[in-house]
Amino acid sequence: ARGEDPGRARREARESHTFGALLERYIEDYALEHHKDMGAEARRKRDVYMGALLTRRWEEITTGFLRSLQSRWKRDHGAIMSNRIVELVRAAWNWGIQQEVCGVPEVNRAAKLTPYPKRERERFLSADELGRLFEALDHEPPVWRDFVLLALLTGARKGNVAGMRWQ
């Protein structure tokens, strides 16, 4: 009768040995400190794709279980997203091992998962599409027109073009 919830300590201890608890620590203690976008992306993947994994205790997470999740992620969200989710699981697990987070098994069961192959593709605009693009750019503000043309003509990525400076 000290005003404490007697089940809270048991619940916290039980939840601390889940992948979700590890992932939250990884995001807070590592991902956000190293790159805020990395942390935000990890949170998005956690919230959107990883529900079935978050509440699992370590002894429930086998390589077979992870393979079945990987297959489901591929079916529901595509091979590339499945690969990215597996990369996040591996990274968080490795971080937990390195940081000696309580309860994290020292063998990363996600390490045995094979990523799905990437399909390389090249896309070129047809003459008709190129004409429509240039026509549409004529109606845009000069800063956007110049940005798109510079990216198109140099083949640079949008982040690289945005980071360009006159010297």
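Predicted model: local features only at pLDDT ≥ 70, side-chain atom pairs only at ≥ 80, totals over all residues.
Student: Let's start with confidence. How do you know which helix has the lowest confidence and which has the highest?

Tutor: Compare the mean pLDDT values. Helix α1 (residues 6-15) is lowest, at a mean of 54, and helix α5 (residues 63-77) is highest, at 96. The protein averages 88, and 91% of the residues score at least 70.

Student: Okay, on to Lys45. Why is Lys45 called buried?

Tutor: Look at the number: Lys45 has a relative accessible area of 10%. Buried means under 20%, so Lys45 gets that label. You'll find Lys45 in helix α3 (residues 36-49).

Student: What is Lys45 in contact with, leaving aside its neighbours within four places in sequence?

Tutor: With those neighbours set aside, Lys45 is in contact with Met50, Met81, Arg84 and Leu88.

Student: And Glu100, why does Glu100 count as exposed?

Tutor: Do the check again with the other cut-off. Exposed means over 50%, and Glu100 has 70% relative accessibility, so Glu100 counts as exposed. Glu100 sits in the loop between α6 and α7 (127-137).

Student: What is the phi of Glu100?

Tutor: Positive, about 55°, although Glu100 is not a glycine.

Student: Last topic, the largest nonpolar core. Which of its residues touch the most other members?

Tutor: That core has 29 residues, and Phe19, Leu23, Met50, Leu53, Trp73 and Val89 touch the most other members. The elements giving two or more residues to this core are α2, α3, α4 (51-54), α5 and α6 (79-98).

Student: Which element gives the largest share of this core?

Tutor: That's α6, with eight residues.

Student: What is Phe19 in contact with, leaving aside its neighbours within four places in sequence?

Tutor: Among its contacts beyond those neighbours are Met50, Leu53, Trp58, Ile61 and Val89.

How values were computed: Residues numbered from 1 in each chain as written. Heavy atoms only, no water. Helix = DSSP H or I, 4+ residues; strand = E, 2+ residues; numbered from the N terminus. Buried < 20%, exposed > 50% of the residue type's maximum accessible area, 1.4 Å probe, protein only. Contact = heavy atoms within 4.5 Å. pLDDT = per-residue confidence, 0-100. Core = buried A, V, L, I, M, F, W, Y, C linked by side-chain atoms within 4.5 Å.
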